[in-house]
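Please look over the assembly shown here before reading on. The notes that follow are grouped by topic.

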2 protein chains.
Amino acid sequence: MLQHKTHYSIGELCDEFSVTARALRFYEDEALIAPERRGTQRLYTERDRARLAWILRGKRVGLSLSDIKELLDLYDIGDNRRTQRLKTIERCQGQVDKLKQQRVDIDATIKELEGFITLVKSQTADQSTQGK
Amino acid sequence: MLQHKTHYSIGELCDEFSVTARALRFYEDEALIAPERRGTQRLYTERDRARLAWILRGKRVGLSLSDIKELLDLYDIGDNRRTQRLKTIERCQGQVDKLKQQRVDIDATIKELEGFITLVKSQTADQSTQGK
DNA sequence: TCACTACTTTACGTTTCCGTAAAGGTCAAT
DNA sequence: ATTGACCTTTACGGAAACGTAAAGTAGTGA
(Lines give C-alpha, C1' and ligand atoms only; values in the text may rest on other atoms or scores of the structure.)
Protein backbone atom coordinates (compact mmCIF):
# COMPACT_ATOMS: atom_id res chain seq x y z
CA MET A 1 0.00 0.00 0.00
CA LEU A 2 1.58 3.21 -1.15
CA GLN A 3 0.07 5.42 1.46
CA HIS A 4 1.75 8.61 2.53
CA LYS A 5 1.67 9.98 6.02
CA THR A 6 -1.59 11.37 7.21
CA HIS A 7 -0.06 13.87 9.56
CA TYR A 8 2.86 16.26 9.43
CA SER A 9 4.52 18.43 12.02
CA ILE A 10 5.24 22.04 11.28
CA GLY A 11 8.92 21.23 10.87
CA GLU A 12 8.27 18.55 8.30
CA LEU A 13 6.23 20.88 6.15
CA CYS A 14 8.86 23.56 6.54
CA ASP A 15 11.54 21.23 5.24
CA GLU A 16 9.41 19.89 2.43
CA PHE A 17 8.34 23.26 1.10
CA SER A 18 11.28 25.37 2.20
CA VAL A 19 9.24 27.83 4.22
CA THR A 20 9.74 29.01 7.77
CA ALA A 21 7.50 28.05 10.65
CA ARG A 22 6.83 31.74 11.03
CA ALA A 23 5.26 31.78 7.59
CA LEU A 24 3.05 28.77 8.32
CA ARG A 25 1.83 30.32 11.55
CA PHE A 26 1.17 33.53 9.71
CA TYR A 27 -0.93 31.72 7.11
CA GLU A 28 -2.83 30.20 9.99
CA ASP A 29 -3.42 33.61 11.57
CA GLU A 30 -4.75 34.75 8.23
CA ALA A 31 -7.06 31.74 8.12
CA LEU A 32 -5.49 30.15 5.07
CA ILE A 33 -4.87 26.87 6.87
CA ALA A 34 -6.28 25.50 10.11
CA PRO A 35 -4.25 22.54 11.34
CA GLU A 36 -5.51 20.45 14.22
CA ARG A 37 -3.78 20.40 17.56
CA ARG A 38 -2.34 17.67 19.64
CA GLY A 39 -2.19 19.59 22.87
CA THR A 40 -0.49 22.78 21.87
CA GLN A 41 1.30 21.49 18.78
CA ARG A 42 0.06 21.71 15.25
CA LEU A 43 -0.83 18.63 13.27
CA TYR A 44 -1.13 19.15 9.56
CA THR A 45 -3.22 16.71 7.56
CA GLU A 46 -2.82 15.78 3.93
CA ARG A 47 -5.47 18.32 3.11
CA ASP A 48 -3.55 21.07 4.89
CA ARG A 49 -0.51 20.03 2.97
CA ALA A 50 -2.35 20.31 -0.32
CA ARG A 51 -3.67 23.72 0.64
CA LEU A 52 -0.15 24.82 1.49
CA ALA A 53 1.08 23.72 -1.92
CA TRP A 54 -1.73 25.77 -3.44
CA ILE A 55 -0.83 28.78 -1.34
CA LEU A 56 2.80 28.68 -2.34
CA ARG A 57 2.06 28.31 -6.00
CA GLY A 58 -0.40 31.14 -5.73
CA LYS A 59 2.33 33.28 -4.23
CA ARG A 60 4.73 32.39 -7.00
CA VAL A 61 2.31 33.65 -9.59
CA GLY A 62 1.89 36.89 -7.70
CA LEU A 63 -1.42 36.42 -5.93
CA SER A 64 -1.81 38.14 -2.58
CA LEU A 65 -2.60 36.06 0.47
CA SER A 66 -6.11 37.44 0.53
CA ASP A 67 -6.63 36.51 -3.12
CA ILE A 68 -5.44 33.02 -2.30
CA LYS A 69 -7.67 32.81 0.72
CA GLU A 70 -10.65 33.82 -1.34
CA LEU A 71 -9.98 31.17 -3.96
CA LEU A 72 -9.35 28.45 -1.39
CA ASP A 73 -12.57 29.40 0.34
CA LEU A 74 -14.46 29.19 -2.92
CA TYR A 75 -13.23 25.64 -3.36
CA ASP A 76 -14.55 24.77 0.06
CA ILE A 77 -17.80 26.59 0.35
CA GLY A 78 -19.99 24.12 -1.48
CA ASP A 79 -22.68 26.72 -1.30
CA ASN A 80 -25.45 25.61 -3.55
CA ARG A 81 -27.28 28.85 -4.03
CA ARG A 82 -27.25 29.83 -7.64
CA THR A 83 -26.22 33.44 -7.05
CA GLN A 84 -23.31 32.32 -4.95
CA ARG A 85 -22.14 30.00 -7.70
CA LEU A 86 -22.36 32.76 -10.26
CA LYS A 87 -20.21 34.95 -8.05
CA THR A 88 -17.74 32.14 -7.69
CA ILE A 89 -17.45 31.74 -11.42
CA GLU A 90 -17.03 35.47 -11.83
CA ARG A 91 -14.22 35.65 -9.31
CA CYS A 92 -12.38 32.71 -10.73
CA GLN A 93 -12.77 33.93 -14.27
CA GLY A 94 -11.38 37.27 -13.20
CA GLN A 95 -8.26 35.63 -11.82
CA VAL A 96 -7.90 33.51 -14.92
CA ASP A 97 -8.05 36.60 -17.10
CA LYS A 98 -5.43 38.30 -14.98
CA LEU A 99 -3.19 35.27 -15.18
CA LYS A 100 -3.53 35.08 -18.94
CA GLN A 101 -2.55 38.71 -19.29
CA GLN A 102 0.35 38.02 -17.00
CA ARG A 103 1.48 35.22 -19.24
CA VAL A 104 1.50 37.58 -22.20
CA ASP A 105 3.68 39.98 -20.24
CA ILE A 106 5.98 37.21 -19.16
CA ASP A 107 6.44 35.98 -22.69
CA ALA A 108 7.23 39.48 -23.90
CA THR A 109 9.74 40.03 -21.13
CA ILE A 110 11.43 36.70 -21.73
CA LYS A 111 11.67 37.47 -25.39
CA GLU A 112 13.22 40.85 -24.75
CA LEU A 113 15.72 39.54 -22.21
CA GLU A 114 16.72 36.67 -24.48
CA GLY A 115 17.20 39.08 -27.35
CA PHE A 116 19.43 41.18 -25.17
CA ILE A 117 21.39 38.14 -24.05
CA THR A 118 21.95 37.17 -27.65
CA LEU A 119 23.20 40.66 -28.40
CA VAL A 120 25.64 40.71 -25.52
CA LYS A 121 26.82 37.22 -26.35
CA SER A 122 27.55 38.21 -29.91
CA GLN A 123 29.71 41.08 -28.64
CA THR A 124 31.54 38.71 -26.36
CA ALA A 125 32.14 36.38 -29.27
CA ASP A 126 33.56 39.27 -31.31
CA GLN A 127 36.05 40.13 -28.64
CA SER A 128 37.10 36.56 -28.03
CA THR A 129 37.74 36.27 -31.78
CA GLN A 130 39.84 39.41 -31.71
CA GLY A 131 41.46 38.41 -28.50
CA LYS A 132 42.99 35.23 -29.86
CA MET B 1 5.94 61.97 -41.18
CA LEU B 2 4.41 59.89 -38.49
CA GLN B 3 6.32 61.31 -35.62
CA HIS B 4 5.00 61.21 -32.10
CA LYS B 5 5.64 63.83 -29.48
CA THR B 6 9.15 64.08 -28.20
CA HIS B 7 8.21 65.32 -24.77
CA TYR B 8 5.55 64.49 -22.24
CA SER B 9 4.45 66.10 -19.02
CA ILE B 10 4.00 64.03 -15.92
CA GLY B 11 0.24 64.27 -16.28
CA GLU B 12 0.29 62.97 -19.84
CA LEU B 13 2.24 59.91 -18.87
CA CYS B 14 -0.05 59.36 -15.90
CA ASP B 15 -3.08 59.36 -18.14
CA GLU B 16 -1.49 57.18 -20.78
CA PHE B 17 -0.27 54.50 -18.41
CA SER B 18 -2.81 54.88 -15.64
CA VAL B 19 -0.30 55.53 -12.91
CA THR B 20 -0.20 58.31 -10.36
CA ALA B 21 2.30 61.14 -10.39
CA ARG B 22 3.38 59.91 -7.00
CA ALA B 23 4.47 56.64 -8.57
CA LEU B 24 6.45 58.36 -11.31
CA ARG B 25 8.22 60.56 -8.78
CA PHE B 26 8.93 57.50 -6.71
CA TYR B 27 10.52 55.75 -9.67
CA GLU B 28 12.62 58.85 -10.18
CA ASP B 29 13.72 58.82 -6.53
CA GLU B 30 14.71 55.21 -7.02
CA ALA B 31 16.69 56.17 -10.12
CA LEU B 32 14.59 54.18 -12.55
CA ILE B 33 13.89 57.20 -14.72
CA ALA B 34 15.55 60.58 -14.89
CA PRO B 35 13.43 63.08 -16.80
CA GLU B 36 14.83 66.44 -17.75
CA ARG B 37 13.55 69.63 -16.25
CA ARG B 38 12.15 72.78 -17.72
CA GLY B 39 12.57 74.94 -14.68
CA THR B 40 11.08 72.88 -11.94
CA GLN B 41 8.80 70.72 -14.07
CA ARG B 42 9.61 67.31 -15.41
CA LEU B 43 9.93 66.71 -19.12
CA TYR B 44 9.79 63.08 -20.14
CA THR B 45 11.36 62.11 -23.44
CA GLU B 46 10.39 59.23 -25.67
CA ARG B 47 13.15 57.22 -24.05
CA ASP B 48 11.76 57.87 -20.58
CA ARG B 49 8.40 56.79 -21.87
CA ALA B 50 9.83 53.54 -23.18
CA ARG B 51 11.56 52.90 -19.88
CA LEU B 52 8.33 53.51 -18.05
CA ALA B 53 6.57 50.97 -20.22
CA TRP B 54 9.33 48.52 -19.37
CA ILE B 55 9.02 49.26 -15.68
CA LEU B 56 5.29 48.69 -15.66
CA ARG B 57 5.52 45.44 -17.56
CA GLY B 58 8.25 44.33 -15.20
CA LYS B 59 5.95 45.07 -12.31
CA ARG B 60 3.13 43.10 -13.87
CA VAL B 61 5.30 40.03 -14.09
CA GLY B 62 6.27 40.39 -10.46
CA LEU B 63 9.73 41.90 -10.67
CA SER B 64 10.71 44.22 -7.84
CA LEU B 65 11.71 47.77 -8.63
CA SER B 66 15.30 46.96 -7.82
CA ASP B 67 15.24 44.00 -10.20
CA ILE B 68 13.84 46.27 -12.85
CA LYS B 69 16.42 48.92 -12.15
CA GLU B 70 19.18 46.39 -12.48
CA LEU B 71 17.93 45.15 -15.82
CA LEU B 72 17.39 48.64 -17.17
CA ASP B 73 20.88 49.57 -16.07
CA LEU B 74 22.31 46.53 -17.81
CA TYR B 75 20.71 47.71 -21.03
CA ASP B 76 22.38 51.06 -20.65
CA ILE B 77 25.78 50.34 -19.30
CA GLY B 78 27.51 49.49 -22.53
CA ASP B 79 30.41 48.39 -20.44
CA ASN B 80 32.76 46.56 -22.69
CA ARG B 81 34.77 44.62 -20.21
CA ARG B 82 34.34 40.94 -20.74
CA THR B 83 33.71 40.06 -17.12
CA GLN B 84 31.01 42.68 -16.94
CA ARG B 85 29.31 41.23 -19.99
CA LEU B 86 29.44 37.75 -18.53
CA LYS B 87 27.81 39.02 -15.38
CA THR B 88 25.16 40.73 -17.45
CA ILE B 89 24.35 37.51 -19.25
CA GLU B 90 24.22 35.65 -15.97
CA ARG B 91 21.79 38.09 -14.42
CA CYS B 92 19.52 38.15 -17.40
CA GLN B 93 19.54 34.41 -17.74
CA GLY B 94 18.62 34.13 -14.09
CA GLN B 95 15.58 36.31 -14.60
CA VAL B 96 14.62 34.39 -17.71
CA ASP B 97 14.74 31.13 -15.77
CA LYS B 98 12.60 32.59 -13.02
CA LEU B 99 10.08 33.85 -15.54
CA LYS B 100 9.89 30.49 -17.27
CA GLN B 101 9.19 28.77 -13.97
CA GLN B 102 6.57 31.37 -13.28
CA ARG B 103 4.91 30.60 -16.58
CA VAL B 104 4.71 26.95 -15.58
CA ASP B 105 3.04 27.93 -12.31
CA ILE B 106 0.66 30.25 -14.08
CA ASP B 107 -0.37 27.58 -16.56
CA ALA B 108 -1.02 25.13 -13.74
CA THR B 109 -3.07 27.65 -11.81
CA ILE B 110 -5.10 28.63 -14.86
CA LYS B 111 -5.79 25.00 -15.58
CA GLU B 112 -6.94 24.34 -12.05
CA LEU B 113 -9.16 27.40 -11.90
CA GLU B 114 -10.71 26.63 -15.27
CA GLY B 115 -11.38 23.08 -14.18
CA PHE B 116 -13.10 24.39 -11.10
CA ILE B 117 -15.13 26.84 -13.14
CA THR B 118 -16.27 24.03 -15.40
CA LEU B 119 -17.32 22.02 -12.38
CA VAL B 120 -19.32 24.84 -10.86
CA LYS B 121 -20.88 25.63 -14.22
CA SER B 122 -22.02 22.06 -14.64
CA GLN B 123 -23.75 22.20 -11.26
CA THR B 124 -25.44 25.41 -12.26
CA ALA B 125 -26.60 23.82 -15.50
CA ASP B 126 -28.04 20.87 -13.54
CA GLN B 127 -30.08 23.15 -11.37
CA SER B 128 -31.33 25.29 -14.24
CA THR B 129 -32.44 22.08 -16.00
CA GLN B 130 -34.31 21.03 -12.92
CA GLY B 131 -35.56 24.52 -12.32
CA LYS B 132 -37.43 24.73 -15.64
C1' DT C 1 -6.11 90.99 -10.77
C1' DC C 2 -8.41 86.75 -9.76
C1' DA C 3 -9.19 82.17 -10.21
C1' DC C 4 -8.01 77.73 -11.96
C1' DT C 5 -5.25 74.04 -13.25
C1' DA C 6 -1.19 71.51 -13.30
C1' DC C 7 2.75 71.10 -11.26
C1' DT C 8 6.23 71.04 -7.23
C1' DT C 9 8.49 69.37 -2.48
C1' DT C 10 8.41 67.50 2.17
C1' DA C 11 7.00 64.21 5.16
C1' DC C 12 4.31 61.10 7.75
C1' DG C 13 1.01 57.01 7.08
C1' DT C 14 -0.37 52.40 5.22
C1' DT C 15 -0.52 47.60 3.65
C1' DT C 16 1.62 43.20 2.95
C1' DC C 17 4.43 39.51 4.50
C1' DC C 18 6.76 37.93 7.19
C1' DG C 19 11.92 38.26 10.30
C1' DT C 20 13.57 38.13 14.67
C1' DA C 21 14.18 38.12 19.36
C1' DA C 22 12.32 36.92 24.00
C1' DA C 23 10.73 33.64 27.03
C1' DG C 24 9.17 29.47 27.77
C1' DG C 25 6.78 24.25 27.31
C1' DT C 26 7.49 19.03 26.00
C1' DC C 27 9.60 14.91 25.19
C1' DA C 28 13.40 11.65 24.26
C1' DA C 29 18.04 10.41 25.03
C1' DT C 30 22.11 10.50 27.80
C1' DA D 1 18.55 15.37 36.15
C1' DT D 2 20.16 17.76 32.32
C1' DT D 3 20.85 18.50 27.68
C1' DG D 4 19.03 19.17 23.08
C1' DA D 5 15.67 19.25 19.53
C1' DC D 6 11.45 20.85 18.44
C1' DC D 7 7.64 23.16 19.51
C1' DT D 8 4.72 27.28 21.53
C1' DT D 9 3.00 32.51 22.07
C1' DT D 10 3.61 37.48 22.16
C1' DA D 11 5.28 41.37 20.22
C1' DC D 12 8.24 44.67 18.10
C1' DG D 13 10.80 45.48 13.58
C1' DG D 14 11.35 46.27 8.66
C1' DA D 15 11.52 46.47 3.55
C1' DA D 16 8.64 47.53 -0.53
C1' DA D 17 5.71 50.60 -3.01
C1' DC D 18 3.47 53.81 -2.88
C1' DG D 19 -1.04 56.94 -0.61
C1' DT D 20 -2.14 61.14 1.21
C1' DA D 21 -2.34 65.52 3.17
C1' DA D 22 -0.05 70.13 3.52
C1' DA D 23 1.70 74.02 1.57
C1' DG D 24 3.69 76.40 -2.08
C1' DT D 25 4.85 77.78 -7.37
C1' DA D 26 3.96 78.74 -12.36
C1' DG D 27 1.38 79.68 -16.22
C1' DT D 28 -3.18 80.69 -18.47
C1' DG D 29 -7.63 82.58 -19.42
C1' DA D 30 -11.48 85.82 -18.15
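How many residues does the contact take from chain A and from chain B? The contact, meaning heavy atoms within 4.5 Å, takes 38 residues from chain A and 38 residues from chain B. This is a predicted model, in which local features need pLDDT of at least 70, side-chain atom pairs count only at pLDDT 80 or more, and totals for chains, interfaces and linings use all residues. Residues are numbered from 1 along each chain as its sequence is written, chains are lettered from A and ligands numbered from 1 in the order in which they are written, and side-chain values use heavy atoms, with hydrogens and water left out.

**Chain A against chain B**

- About 4,000 Å² is buried between chain A and chain B, and carbon and sulfur atoms give 66% of that area; buried area is the accessible area (1.4 Å probe) that two parts lose on being put together, summed over both.
- Of the area that chain A buries against chain B, 15% is supplied by Arg85(A), Leu113(A) and Phe116(A), which is more than any other three residues supply.

- Sugar or phosphate accounts for 62% of the atoms of DNA strand C within 4 Å of the protein, and bases account for the rest.
- H2(A) gives the largest share of this surface, four residues, where helices (H or I, at least four residues) and strands (E, at least two) are DSSP runs, numbered from the N terminus.

**Side chains at phosphate oxygens of DNA strand C**

- A polar side-chain atom of Thr20(A) lies 2.7 Å from a phosphate oxygen of DNA strand C, and for an N or O atom in the side chain of Tyr27(A) the distance to a phosphate oxygen is 2.9 Å.
- From chain B, the side chain of Arg25(B) has an N or O atom 2.8 Å from a phosphate oxygen of DNA strand C.

**Confidence**

Methods. Near = heavy atom within 4 Å. Polar contact = N/O pair within 3.5 Å; in protein donor to acceptor, adjacent residues only side chain to side chain.
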